[in-house]
Amino acid sequence: MPGEKKHFVIIGGGPAGTACATHAARMGARVTLIEKDLIGGAAHLLDCIPSKAMIATGGAMSQMNAAVDMGLARVDVELDFEALRERIVSIEDRLESSVSRLLESQGVNIIEGTGRLTGTHTVAVDRNDGGTEELTADVILLSTGSRPRIPEWAPIDGERVLTTRHAYPPPELPTKLIVIGSGVTGVEFVNMFNSFGSEVALIVSRQQVLPGKDPEVAAALEQSFIDRGVKLVMGARAEKIEVSPDAENNNERVCVFCDDGRIVKGSHVLMAIGSMPNSEGLGLDEIGVENEWGYVSIDHNCATNLKHIYAAGDLSGKLPLSSVASMQGRKIAEHAMGMHAGPHRHIDYEKAASAIFTDPEIADVGLAEADAFAEGRKIRVTKVPFSVSAKALINNDSRGFVKIVSDPATGVVLGGSIVGRHAAELISVLALAVTAGLTVTDLVESLFVHPALAEVLGEAAE
Ligand SMILES: Cc1cc2nc3c(=O)[nH]c(=O)nc-3n(C[C@H](O)[C@H](O)[C@H](O)COP(=O)(O)OP(=O)(O)OC[C@H]3O[C@@H](n4cnc5c(N)ncnc54)[C@H](O)[C@@H]3O)c2cc1C
């Protein structure tokens, strides 16, 4: 009807869904957001935020334990598991209420329930209060996220055999934790529990942790794990887990059997071997929304094969990051509201900055040195260690380096990696350079604060 507001129906209230909802509402759309659990999504409640909160506590412990080297006579720290649990819940509560307030202030109608497609323009909701309703939509966004992948041989019980979702914090502090999976999530959990004082073993299916990352970066992390007493079980694929609750030795209650015959024993095991999409029951196949193994196929506008149905976040099978999910949500709102008629930028997933919250932190953006070599592309690589930085010495932590990849002909910054304290913050400078097409000269000539770790970015660009 002319003059009527466009009606967006969004299924899933994580970063993708909430970003789309607020932007569409701001642009004048009528928006209904369906969420079956809590606003903020798995990102705020189960994955990203609680894991970072625990890592921050572990980081504070590690720093305090190292503080005697900074002129203090003695520092005693002890983990208070109950206080940690309360802290995580309070962060989650605050985030949930601030996002809910934002949505309400924009006039977004939130329905608590489970949504599914029933037609190309209709969505049914099984409300949490037992009722049902059907909504008619001009625009539909599918943003139901993902969950941990659990192989059939893993007897997950939430007690001894955990997924990442049982770990905030787990029922008890593992005395000896076995982590299966050495991707981003796995290594973050290794870091977290190692800093809490648990003995940790990491099962790595290849010959490098963080498969696909710059080998120099991965090697720096492996070395830091070895220095911190983490046992690396390299080149082994876990294929069976046995739990013996009555074993006398707590550190032998869980046995992980690997394909090469090795057996790793511990008190608990945590599975971190990837994720799978929350697409069951969404009605994708019934309505004809193209998907691959449940990941919804999207074009550069995040539209599916049905152009008024969009998908974003982990469900879209692109980069599984909160930052990417939010940006997709925002871009979808703009596109569906017709704001992309003029010049605009599509999301360039290759330019997304990402970080791994280990100790030291790891972050990267854009073109990786190894990928450039594999493509036979000419690049210039410059690298400077943090040991040259006054601020790193002041911080009593000069581990790591900054590496910048640039175009030898034009000097344009194409990518970079940072290993070291605050890498997740520092990478923003390189992310901006990569997105804005800045050159190494721009970085060299920037007047950074002194003393600051960012100065190393300027030096690495020389
Ligand atoms: C351990 C861990 C740590 C992470 N750390 C980071 C990090 O540091 N930085 C980062 O950028 N990313 C991180 N991520 C990734 C990040 O959490 C995800 O990329 C992000 O949550 C994806 O957002 P989303 O909106 O797609 O989905 P989600 O956040 O998963 O939200 C989806 C929502 O949809 C709801 N839902 C599902 N089905 C239905 C339905 N049928 N009807 C109604 N509601 C439904 C769910 O209840 C959920 O609330 C981490 C992931 C993990 C596992």
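The sections below treat the basis of the model, the ligand shell, selected helices and strands, and individual residues.

## Basis of the description

The model is predicted; local features are reported at pLDDT of at least 70, side-chain atom pairs count only at pLDDT 80 or more, and totals for chains, interfaces and linings use all residues. Residues are numbered from 1 along each chain as its sequence is written.

Helices (H or I, at least four residues) and strands (E, at least two) are DSSP runs, numbered from the N terminus. Two strands are said to pair if DSSP finds at least two bridges between them. A residue is called buried if 20 or more other C-beta atoms lie within 10 Å of its own, exposed if 12 or fewer do, and partly exposed in between, with C-beta atoms placed from the backbone.

## The ligand shell

The ligand is surrounded by 36 residues, of which the closest are G12, G14, G41, G145 and G313. At least two shell residues come from each of α1 (15-26), β2 (30-35), α2 (41-45), α3 (48-66), β3 (109-119) and α8 (322-336).

Sorted by class, the shell holds 12 nonpolar, 18 polar and six charged residues. In this classification Ala, Val, Leu, Ile, Met, Phe, Trp, Tyr, Cys and Pro are nonpolar, Asp, Glu, Lys and Arg are charged, and the others, Gly among them, are polar.

Helix α5 covers residues 184-196, and its 13 residues should span 18 Å at 1.5 Å a residue; the end C-alpha atoms are 19 Å apart, which agrees. The expected span is 1.5 Å times one less than the number of residues in the helix. Because 13 of the 13 residues of α5 are buried, this helix is largely enclosed by the rest of the structure. G197 follows α5 and has a positive phi, near 105 degrees.

For helix α11 (residues 423-436), the 14 residues should span 20 Å, and the end C-alpha atoms are 20 Å apart, in agreement. The helix bends by about 25 degrees at V429, where the bend is the angle between axes fitted to the seven residues ending there and the seven starting there. Buried residues of α11 are A423, L426, I427, V429, L430, A431, A433 and V434.

## The sheet of β12, β13 and β14

Three strands form an open sheet in the order β12-β13-β14, with antiparallel pairing. Its edge strands, β12 (238-243) and β14 (263-266), each pair on one side only.

Strand β13 (residues 254-258) is joined to β14 by four bridges in the antiparallel sense. Within this pairing, V254 has G266 of β14 as its bridge partner.

Strand β23 (residues 401-406) is largely enclosed by the rest of the structure, because six of its six residues are buried. In a regular strand the side chains alternate between the two faces of the sheet. In β23, F401, K403 and V405 point one way and V402, I404 and S406 the other, and all are buried.

Strand β22 (residues 380-385) pairs with β23 in the antiparallel sense over six bridges; K383 has K403 of β23 as its bridge partner. Six bridges also join β23 to strand β24 (residues 413-419), and these two strands run antiparallel. Here V402 is partnered by I418 of β24. The hairpin of β23 and β24 has six residues between the strands, and G411 in this hairpin takes a positive phi near 80 degrees.

## Cis peptides and positive phi values

The peptide bond from D359 to P360 is cis, with omega near 5 degrees; P360 lies in the loop between β20 (354-356) and β21 (362-366). A cis peptide bond also joins H450 and P451, with omega about -5 degrees. P451 is placed in the loop between α12 (440-444) and α13 (455-461).

L210, a residue other than glycine, has a positive phi near 50 degrees. It lies in the loop between β10 (199-204) and α6 (215-227), and L210 is buried, with 22 other C-beta atoms within 10 Å. N396 is not a glycine either, yet its phi is positive, about 60 degrees. N396 is found in the loop between α10 (390-394) and β23, and counts as partly exposed with 14 C-beta neighbours inside 10 Å.

How values were computed. Near = placed C-beta within 6 Å.
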